[in-house]
Amino acid sequence: MICNGHGEDLIALRILEAVHRRNPQLPLEVMPLVGQGRAFADAVKAGWLQRIGPTATLPSGGFSNQSLRGLLRDLRAGLPLLSWGQWRLVQRRAHQGRFLVAVGDLLPLLMAWASGAGFGFIGTPKSDYTWRSGPGRNLSDRYHRLKGSEWDPWEWILMRSKRCQWVAMRDQLTARGLRRHRVAAKAPGNPMMDGLQRKTIPKALERCRRVLVLCGSRMPEAQVNFDRLLKAISLVQSAVPMGFLVAAGAEPSPEGFRRSLEHQGFRRSLPPSDQLNAESCWVKGPCMLLIGRSCFDSWSGWSEVGLATAGTATEQLVGLGIPALSLPGPGPQFKASFARRQSRLLGGSVEPCSSPIALATALERLLADADLRRRLGQIGQRRMGASGGSDRLAKLILDHLH
């Protein structure tokens with residue numbers, strides 16, 4: 001399996017877990033093209049998955065295609081040598097008779113196609129909902145409308161290859177658009193929603209309004225985004241206790257969080273309960289802020305609203321029926337254009353805000369309006385779809401192999 005991004009790594013992991021459950025004896029390998037592939041660490045440690053290929057943390061965080069500056073920084077950091085090493089390994093695996101599954105967009109699709117091996121493709125980041133909903137005034141929306149798909153003609157050509165055994169999209173709308181271009185695309189389900197569900201609120205948080213905070217995981221952008229979200233949190237006016245649950249990955253570091261929180265006048269405190277699995281607890285006025293590593297699966301199910309500068313995790317949150325507010329920053333990933341596209345993709349269940357002040361105001365309004373939260377949450381659930389996609393994709397892979 002070849003995947004190119006943090007969100008794609010998580011999707012690939014869910015599918016690989018489902019394949020392993022169905023056939024524990026099948027040897028499985030994964031090549032993350034971007035970052036260190038930390039999402040696979042537990043599976044590798046357990047011994048049923050092998051992580052292969054050279055890895056590196058690029059300055060752009062894997063988003064060099066979104067700016068010339070990011071591309072130049074990645075080139076200086078060794079991107080050509082990294083890609084060449086990955087490409088040579090893919091070719092060797094193809095010559096050994098391996099079946100390849102590409103997860104993501106053009107880069108893994110191109111690698112799988114050029115290897116000469118049989119392959120399947122799981123297209124994760126693109127959806128026709130982005131140009132079929134919303135105002136549609138952007139030049140990119142008009143371009144997608146003209147060709148009838150967010151996927152591009154050169155990608156259709158690769159997907160129509162005789163060696164491409166199957167193509168799976170995240171939703172029926174996108175699959176239908178590709179079928180009009182003679183790509184036999186299916187939509188077996190969205191793996192992003194597997195393993196996530198609304199959960200009983202722990203007693204320690206019952207008196208709080210609960211807001212999930214997602215600042216992303218790519219540094220240094222994640223730290224900058226957290227600082228901006230924290231400014232908004234400090235501006236929130238509330239007569240009741242507010243619980244902000246910062247679901248973090250490996251980054252930002254505890255020291256990075258500490259500096260930002262102390263700068264905004266938060267002071268350290270003891271978490272209200274050990275059962276919350278919080279790394280640290282900070283308080284300021286009516287606000288209690290918890291920081292937790294790898295807590296997204298549990299904390300997302302407790303929240304009422306999300307504050308987000310993240311990609312995949314934001315989509316998963318609204319897929320649970322929880323609306324979110326976003327705060328675009330300088331990038332390289334979570335810029336205004338990305339936030340607008342994400343909002344259109346999710347039918348407005350994520351609302352981009354122009355500043356920390358605007359975000360604080362929108363949060364107060366959303367928390368005060370239960371009907372609005374419910375309506376937006378229902379839109380998000382429809383756009384993301386039901387769980388179960390990983391198991392259906394695993395069956396598709398194994399049916400082909402057998």
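What you have here is a predicted model, where local features need pLDDT of at least 70 and side-chain atom pairs count only at pLDDT 80 or more, while totals for chains, interfaces and linings use all residues. Residues are numbered from 1 along each chain as its sequence is written, and side-chain values use heavy atoms, with hydrogens and water left out.

Let's start with the whole protein. It has 17 helices and 15 strands; these are DSSP runs numbered from the N terminus, with helices being H or I of at least four residues and strands E of at least two. The radius of gyration is 21 Å, close to the 21 Å that the globule rule gives for 402 residues, so the protein is as compact as a globular protein of that length. (That radius is taken over C-alpha atoms, and the rule is 2.2 Å times the number of residues to the power 0.38.) Along its principal axes, the C-alpha trace spans about 65 × 45 × 45 Å. Of the 402 residues, 55% are buried, meaning under 20% relative accessible area, with exposed being over 50% and partly exposed in between (1.4 Å probe, protein chains only).

Now for that helix pair. Helix α10 (residues 221-235) packs against helix α11 (residues 254-263) at an angle of about 30°, with the axes 10 Å apart. Axes here are lines fitted to C-alpha atoms, for helices over the stretch in contact, and angles run from 0 to 180 degrees between N-to-C directions. That is why α10 and α11 are roughly parallel to each other. From α10, the contact (heavy atoms within 4.5 Å) uses Gln223, Phe226, Asp227 and Leu230, and from α11 it uses Gly256, Phe257, Ser260 and Leu261.

Past the end of α10, serine 238 sits in the loop between α10 and β9 (242-248). Is serine 238 buried or partly exposed? Its relative accessible area is 25%, so serine 238 is partly exposed. Its C-alpha atom is 37 Å from that of tryptophan 131, 107 residues away along the chain.

Serine 300 is in the loop between α12 (296-299) and β13 (305-308), and it counts as buried because its relative accessibility is 0%. Leaving aside neighbours within four places in sequence, serine 300 is in contact with Leu196, Leu212, Cys295, Leu317, Leu320 and Ile322.

Definitions and conventions:
Parallel < 35°, antiparallel > 145°, perpendicular 65-115°, else oblique.
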